[in-house]
Amino acid sequence: MRKMTAISVFSGAMGLDIGVEKAGFNVKVAVEINKNACEAIKLNRPDVRLFQEDVTNITGEELLSAAGLRNGELDLLVGGPPCQSFSMAGKRKSLTDTKGDCIFQYIRLIEELNPKTFIMENVRGILSSKVQLDGLEIVNDDGKMEIIDNEYPVAQYILKRMEELGYRVEHRLLNSADYGTPQKRYRVFFIGTRLEGELNFPSETHSKNGENNLKKWVTFNDVIKYLKNENIESTTYTPYNEKRRKFMEMVPIGGGNWRDLQPEIAEQAMGKAYTSGGGRVGFCRRIKLNEPTPTLLTSPSHNSTMLGHPIENRPLSVEEYKAIQQFPLDWKLPSSIASQYMVIGNAVPTGLAYEVANAVAKHIKNN
């Protein structure tokens, strides 16, 4: 039986693609613009045809040629268009932002490639974001063409465009911890098909305390045990400076944050942020030993979004980042520590990617 084919766009360090490969797909082509992520792709997947390029400059015809495929032969298009525009933090410009335009580029490639299936991943903010679609024609629920001259929900726009292109689409917000990842990371997945038969999201495999006869969530303590069993030491990190280390030593072992400090100490540690409103849970934070980690960020050492080790007085290491995101421990990374944190922190947990891709793979095989 031939191996199913996949083309990856907005590939990052290939977190999605590792899961896709595990599900039985051959990722033949990748498109990524970030030089650090491209370095990781070259180091780990030298046989993948890499376009280090802005996706707006790439045509579907070029991708098919690089993959050795004709229009309609591709089994899977997979990608996570840049999500900063939809992040719950900061200004949410939605698709009026240049990064948000990548959603349009992804849809364009679906139209040009005509893949049998697709997987698109994004942050949860996409579910409540809107786009200004002045003068854009779209088919309404009655099958009639209407012109949009106002804000329109992004998720609904994606669903309508995919329907116009002949795809049946499901979308769902998933928590990676519910699929065996030692991390509480919420991501929205859109899966679509032009094939016959049902296309369903995978069932959850884990729950917080093992409810519904599922396995219990995987915790950071499990990560520590895993790395120890693999004889991997957590040595790649940037130590705290003396001032920050002093405050972190006061946070309880096993998990805590600034709220566990004496008020005058917390104010010293946080500065003006101590009296400001909004979420401050990340200040002086040790992650909890017996829970999945919070969402990994592109750096564990930023003052307001710290990801401190629950036992040792240091931030999480790159090795721990890899294990939490379920990357192979021998996955090669760019040379600088900052770049290593960035490419792993931006990735999709590979185990979650596998569960979604495996559901799509089963659907293809059933056809």
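First a term: a residue is called buried if its relative accessible area is under 20%, exposed if over 50%, and partly exposed in between, with a 1.4 Å probe and protein chains only. The model is a predicted one, in which local features need pLDDT of at least 70 and side-chain atom pairs count only at pLDDT 80 or more, while totals for chains, interfaces and linings use all residues. Residues are numbered from 1 along each chain as its sequence is written, and side-chain values use heavy atoms, with hydrogens and water left out.

Now the chain as a whole. Of its 367 residues, 52% count as buried. The chain exposes about 17,300 Å², and carbon and sulfur atoms supply 45% of that area; accessible areas come from the Shrake-Rupley method with a 1.4 Å probe, and for residues only the protein chains shown count as cover. The secondary structure comes to 11 helices and 13 strands. Helices (H or I, at least four residues) and strands (E, at least two) are DSSP runs, numbered from the N terminus. Contact, from here on, means heavy atoms within 4.5 Å. Among contacts between residues at least 6 apart in sequence, 62% join residues at least 24 apart.

Next, the sheet. In what order do the strands of the open sheet run? There are seven, in the order E3-E2-E1-E4-E5-E11-E10, with mixed pairing. Two strands pair if DSSP finds at least two bridges between them. Strand E3, residues 49-51, and strand E10, residues 168-175, are the edges, each pairing on one side only. Neighbouring strands of this sheet are turned by 20° against each other on average, direction ignored. For angles in general, axes are lines fitted to C-alpha atoms, for helices over the stretch in contact, and the angles run from 0 to 180 degrees between N-to-C directions.

Some of the pairs in detail. Strand E1, residues 4-9, and strand E4, residues 76-79, run parallel and are joined by four bridges. In that pair, Val 9 stands opposite Gly 79. Helix H11, residues 350-366, packs on the sheet and touches E1, E2, E4, E5, E10 and E11. The direction of H11 makes about 160° with that of E5.

On to strand E11. E5 and E11 run antiparallel, with seven bridges between them, and Met 120 stands opposite Phe 190 of E11. With E10, the pairing of E11 is again in the antiparallel sense, over eight bridges; there Arg 172 has Phe 189 as its bridge partner. Seven of the eight residues of E11 are buried, so this strand is largely enclosed by the rest of the structure.

Which of its residues are buried? They are Gly 60, Leu 63, Leu 64 and Ala 67. These cover an arc of only 95° around the axis, which puts them on the same side of H3; the arc is that of the directions from the helix axis to the C-beta atoms. An α-helix has 3.6 residues a turn, so residues three or four places apart point the same way. Glu 61 and Ser 65, on the other side of H3, are exposed. The cover over the buried residues of H3 includes E1, E2, E3 and H4. Gly 68 follows H3 and has a positive phi, near 70°.

H9, residues 318-325, is the other one. Eight of its eight residues are buried, so H9 is largely enclosed by the rest of the structure. Gln 326, which follows H9, has a positive phi near 65°.

Last, some single residues. Most residues other than glycine have a negative phi, and most peptide bonds are trans. Asn 114 has a positive phi of about 55° although it is not a glycine. Asn 114 sits in the loop between helix H4 (101-113) and strand E5 (117-123), and is partly exposed at 26% relative accessible area. Cys 284 also has a positive phi, of about 50°, and lies in the loop between H8 and H9. Is Cys 284 buried or exposed? With a relative accessible area of 4%, Cys 284 is buried.
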